[in-house]
Amino acid sequence: MRSRYSAFAIGDVGYLLCTWHPRTRPARLDLDPGQRWLRLDVLNSSDGGPFGTHGTVEFRAHYTAHGTPGTLHEHSRFTRHEGAWVYVDGTITA
């Protein structure tokens with residue numbers, strides 16, 4: 001989760017796509033150059049241990065978009081695919 005946040009923060013689209021499950025990965029990913037990621041707060045996680053196959057992470061990511069502050073609050077699902085943890089999908093919480 002933290003590595004994907006860092007990839008969003010530096011605009012590393014290649015890493016984001018590689019760490020996205022092939023079943024749910026978009027064909028392309030266009031990041032908004034006017035959005036700046038400022039801070040990640042991991043609120044909760046479940047499962048996902050060293051021998052786990054599925055896990056969840058609840059986080060709040062703080063950003064500015066074209067000068068306006070915002071927060072993304074999401075419950076993300078991850079799974080182990082070919083030995084690596086990958087993002088499956090998430091539910092955005094208001």
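**Figure 1. Aromatic pairs in the predicted model.** In one of them, the ring centres of Trp 20 and Tyr 87 are 5.3 Å apart and the ring planes stand at 85 degrees, so the pair is classed as edge-to-face. The angle exceeds the cut-off, since planes over 60 degrees apart count as edge-to-face. Trp 20 belongs to the loop between helix H2 (13–18) and strand E1 (35–47), whereas Tyr 87 belongs to strand E4 (residues 84–93); the pair therefore ties together parts that are 67 residues apart in sequence. Both Trp 20 and Tyr 87 are buried.

**Figure 2. Cluster of aromatic rings.** Tyr 5, Phe 8, Trp 37 and Tyr 63 are shown, linked into a cluster by ring pairs.

**Figure 3. Arginine over the face of a tryptophan ring.** Arg 4 lies over the face of Trp 20, at 5.0 Å from the ring centre. Trp 20 is the residue that forms the edge-to-face pair with Tyr 87.

**Figure 4. The largest pocket and its lining.** The largest pocket holds about 240 Å³ of space. At least two lining residues come from each of helix H1 (2–10), strand E2 (54–65) and strand E3 (68–81). Strand E3 provides the largest share of this lining, with four residues. Divided by class, the lining of the largest pocket contains 11 nonpolar residues, one polar residue and two charged residues.

**Figure 5. The second largest pocket and its lining.** About 190 Å³ of space lies in the second largest pocket. Of the 16 residues that line this pocket, Met 1, Gly 48, Val 57, Phe 78 and Trp 85 lie nearest its centre. Helix H1 and strands E1, E2 and E4 each contribute at least two residues to the lining. The lining of the second largest pocket consists of seven nonpolar, seven polar and two charged residues.

Figure 6. Apart from neighbours within four places in sequence, Gln 35 is in contact with Tyr 63, Thr 64 and Ala 65. One of these contacts, Tyr 63, is also a member of the aromatic cluster. The C-alpha atoms of Gln 35 and Phe 51 are separated by 36 Å, although the two residues are 16 residues apart along the chain.

Figure 7. Leu 43 is a residue of strand E1 and is partly exposed, with a relative accessible area of 38%. When residues up to four places away in sequence are not counted, Leu 43 touches Glu 58, Phe 59, Arg 60 and His 73. Leu 43 and Val 57, 14 residues apart in sequence, are 7.6 Å apart from C-alpha to C-alpha. Val 57 is among the residues nearest the centre of the second largest pocket.

Figure 8. Asp 47 is not a glycine, yet has a positive phi of about 55 degrees. Asp 47 is located in strand E1 and is exposed, with a relative accessible area of 67%. His 66, likewise a residue other than glycine, has a positive phi near 55 degrees. His 66 is found in the loop between E2 and E3 and is exposed at a relative accessible area of 59%.

Figure 9. Thr 91 lies in strand E4 and is exposed, with a relative accessible area of 51%. The C-alpha atoms of Thr 91 and His 75 are separated by 5.2 Å, while the two residues are 16 residues apart along the chain. Leaving out neighbours within four places in sequence, Thr 91 makes contact with His 73, Glu 74 and His 75.

Technical notes
Residues numbered from 1 in each chain as written. Predicted model: local features only at pLDDT ≥ 70, side-chain atom pairs only at ≥ 80, totals over all residues. Heavy atoms only, no water. Phe/Tyr/Trp six-rings, centres within 6.5 Å; stacked < 30°, edge-to-face > 60°. Buried < 20%, exposed > 50% of the residue type's maximum accessible area, 1.4 Å probe, protein only. Lys NZ or Arg CZ within 6 Å of the ring centre and 35° of its normal. 1 Å grid on protein atoms, 1.4 Å probe; cavity = no way out; pocket = protein on both sides within 12 Å on 5 of 7 lines; lining within 4 Å. Points joined across faces, edges and corners; volume = space filled by probe spheres on them. Nonpolar A, V, L, I, M, F, W, Y, C, P; charged D, E, K, R; others polar. Contact = heavy atoms within 4.5 Å.
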